[in-house]
Amino acid sequence: MRKQEVVVKRSREEKLAALRQRNRAPVLIVGGGINGISTFRELALQGIPVVLIEKDDWCQAASGALSRMIHGGLRYLETGEFDLVKESVQERDRLLKNAPHYVSPLRTTVPIDSWGGGLVNASKRFLRLGEKPTRRGALLIKTGLSLYDLYTRQHGNMPRHRLNNTAETRARWPGFADWVRYSATYYDAWIKAPERLGVELVLDAESSNSNALALNYVSLVGSDGERVTLRDNLTDAVFTLEPHAIVNATGAWIDKINHSLLPADPPKLIGGTKGSHLIIDSPALLAELRDEMVYYENQDGRVCIMFPWYGNVLVGSTDIRVDDPEDIACSAEEQRYILASLRFIFPHIAIDDEDVLYTFAGVRPLPASDTDVSGRITRNHSLVYFPPDATRDYSVLNLVGGKWTTFRRFGEQAADRVLKLLGEKRVRSTEEMAIGGGRNFPCPERRASWIRELSAKYQLAESRVDRLADRYGTRAEQLLRQIAAQGEQPLQHHADYSDAELRWLIAEEQTVMLEDLLLRRTALGISGQLTPPLMAEIAHLMAQQQGWSDAHRQQQLELTLSRLARLHGVSGLRLASPSQPAGEMHVGQR
């Protein structure tokens with residue numbers, strides 16, 4: 001089982017053929033969000049011939065809809081989840097070291113309206129005697145941040161927090177509302193490309209173990225108790241696989257998948273909540289924030305965040321109980337709520353619906369709970385195990401809950417449980433293991449000289465090398481070698497990307513659909529840079545690379561436009577008529 005071989009990169013078709021031929025697998029992981037991917041990586045690194053399937057693209061659902069924060073969970077101190085905070089701080093600091101190309105420190109400010117507010121209600125919440133959210137005063141926030149500093153100093157070297165008086169607060173934040181009397185400043189972290197980090201974890205895992213197979217756009221559609229039936233969603237072809245253990249890492253879909261796997265009525269494990277975010281084009285707000293995040297309470301006591309994002313501002317989020325995780329989108333009511341929260345903090349900055357470039361939403365896979373207040377549901381993770389029985393030969397391990405920040409630890413715990421089921425032992429740890437383009441990534445002081453070295457080596461302008469390094473970390477050198485050998489041409493409608501770069505992303509990163517490229521392998525969608533001509537140009541390039549017919553290329557364009565409008569609030573893009581040249585496509589009114 002643990003025989004190590006020279007790993008040869010395989011196409012999707014080759015991996016599907018290998019899976020059909022294999023027929024059996026010791027472990028099948030269902031769900032290619034960050035926790036399923038993490039478990040896949042952990043098992044692959046131990047030499048296990050594990051299989052990972054995802055019905056859509058990697059990190060497409062909740063794992064691509066996070067607030068882009070990598071944080072220790074400051075507010076969880078108030079509910080007494082100290083172990084979760086400790087684990088989160090540890091994993092945050094590991095990500096800062098292991099994925100420095102995507103994860104960076106983030107200076108954060110909390111606006112405060114009083115000195116002693118919220119103490120009584122906070123005590124009630126800590127003792128589980130009350131659930132009503134209330135605004136927190138400076139004394140309560142300073143107490144929490146002091147505890148936070150203790151964890152941070154044990155596991156990292158983030159600066160200590162600082163409580164700012166009224167004069168200091170006004171000097172830094174002149175645009176804050178008049179009710180803001182104090183502020184607190186501390187450090188957490190943010191991730192600029194969560195979906196890309198997920199892809200890199202998949203690629204790392206497959207490169208470490210030639211018997212580990214990861215396939216996006218493959219669904220689990222049924223089971224007879226011995227074998228499961230899988231479907232290739234691109235061709236509708238079906239095939240079967242006999243697993244020894246199944247890891248259900250489908251997040252908000254866990255209960256649905258369990259109904260397919262477990263003949264008896266399985267217990268309800270998930271009680272998800274929807275979180276929605278906006279990307280806003282506001283130069284005035286961006287100027288106020290500079291490079292900081294504002295972590296603030298809305299009038300109702302709900303915690304929200306805003307920080308700079310690709311030249312715009314990311315703002316969120318909501319917390320609404322939902323039953324159906326399919327096609328989740330930010331509602332008009334949620335958008336109004338988030339915009340109102342902005343006006344509550346910065347009343348002098350005019351922001352309205354026309355300034356919203358992009359919206360996204362996901363369902364947090366929280367454990368089932370009877371509480372009426374979603375903020376009271378734990379953000380911790382747990383494993384729920386169903387052993388084999390008279391109706392089925394395989395065991396099922398469910399990954400319930402979990403935060404993006406703690407994905408490595410959750411995957412490690414899940415993998416260790418699976419290894420025990422298989423009678424195997426761990427041989428490698430990921431605690432200090434760099435991820436993808438984070439390997440050998442230079443420290444800030446060394447970055448400029450590293451860029452100069454690459455520029456001279458590959459005869460490309462430093463500005464171009466710097467941009468590619470910013471996007472792909474040290475993996476950029478693979479692309480630089482290709483560009484040096486074959487050349488590149490800037491895209492006609494976005495000169496900051498080239499044909500060679502996009503072809504590399506398609507060929508090397510399991511890019512299947514046009515949407516994968518526009519929304520997850522690049523930040524073109526979420527940064528509000530998509531235009532109809534650009535989409536048409538990229539679709540044409542992808543059709544050439546993938547061998548698509550004209551009809552399929554048009555279908556991909558229409559599907560992507562439909563999903564952008566339905567799920568991301570981008571309703572101003574319109575296709576040209578079939579006879580109209582791509583260059584004449586135009587943007588309608590938002």
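Mentor: By the grid rule used here, the count comes to two cavities of 30 Å³ or more. This is a predicted model, in which local features need pLDDT of at least 70 and side-chain atom pairs count only at pLDDT 80 or more, while totals for chains, interfaces and linings use all residues. Residues are numbered from 1 along each chain as its sequence is written, and side-chain values use heavy atoms, with hydrogens and water left out.

Trainee: What does cavity mean here, as against pocket?

Mentor: On a 1 Å grid over the protein atoms alone, a cavity is a set of points where a 1.4 Å probe fits but cannot get out, whereas a pocket is an open set with protein on both sides within 12 Å along at least five of seven lines; lining residues have an atom within 4 Å of a point. Grid points are joined across faces, edges and corners, and a volume is the space filled by probe spheres set on the points.

Trainee: How much space lies in the largest cavity, and which residues line the largest cavity?

Mentor: The largest cavity holds about 50 Å³ of space, and its lining is made up of Arg41, Glu91, Arg94, Leu95, Asn98, Arg408, Thr430, Met433 and Ile435. Helix α3 (residues 82–98) provides the largest share of that lining, four residues; helices (H or I, at least four residues) and strands (E, at least two) are DSSP runs, numbered from the N terminus.

Trainee: And how do the residues of that lining divide?

Mentor: The lining of the largest cavity divides into three nonpolar, two polar and four charged residues, where Ala, Val, Leu, Ile, Met, Phe, Trp, Tyr, Cys and Pro count as nonpolar, Asp, Glu, Lys and Arg as charged, and the others, Gly among them, as polar.

Trainee: Which residues line the second largest cavity?

Mentor: Tyr148, Asp149, Thr152, Met158, Pro159, His161, Tyr186 and Tyr187 line the second largest cavity. The elements giving two or more residues to that lining are α5 (138–155) and β6 (182–191), with α5 contributing the largest share, three residues. The space in the second largest cavity is about 40 Å³, and its lining has five nonpolar residues, two polar and one charged.

Trainee: Switching to pockets, what volume does the second largest pocket have?

Mentor: The second largest pocket has a volume of about 810 Å³. Its lining has 36 residues, of which Lys9, Arg10, Ala507, Glu508 and Gln510 lie nearest the centre.

Trainee: Which helix gives the most to the lining of that pocket?

Mentor: Helix α7 gives the most, with five residues, and the elements that each supply at least two residues include α15 (499–508) and α17 (532–546). By class, the lining of the second largest pocket has eleven nonpolar, 13 polar and twelve charged residues.

Trainee: Now Leu491: buried or exposed?

Mentor: Leu491 is buried, with a relative accessible area of 6%; buried means under 20% relative accessible area, exposed over 50%, and partly exposed in between (1.4 Å probe, protein chains only). Leu491 sits in strand β19 (residues 490–491).

Trainee: What is Leu491 in contact with?

Mentor: Leaving aside neighbours within four places in sequence, Leu491 is in contact (heavy atoms within 4.5 Å) with Tyr497, Ser498, Asp499, Leu502, Leu534, Glu537, Ile538 and Leu541. The C-alpha atoms of Leu491 and Glu537 are separated by 7.8 Å, although these residues are 46 residues apart along the chain.
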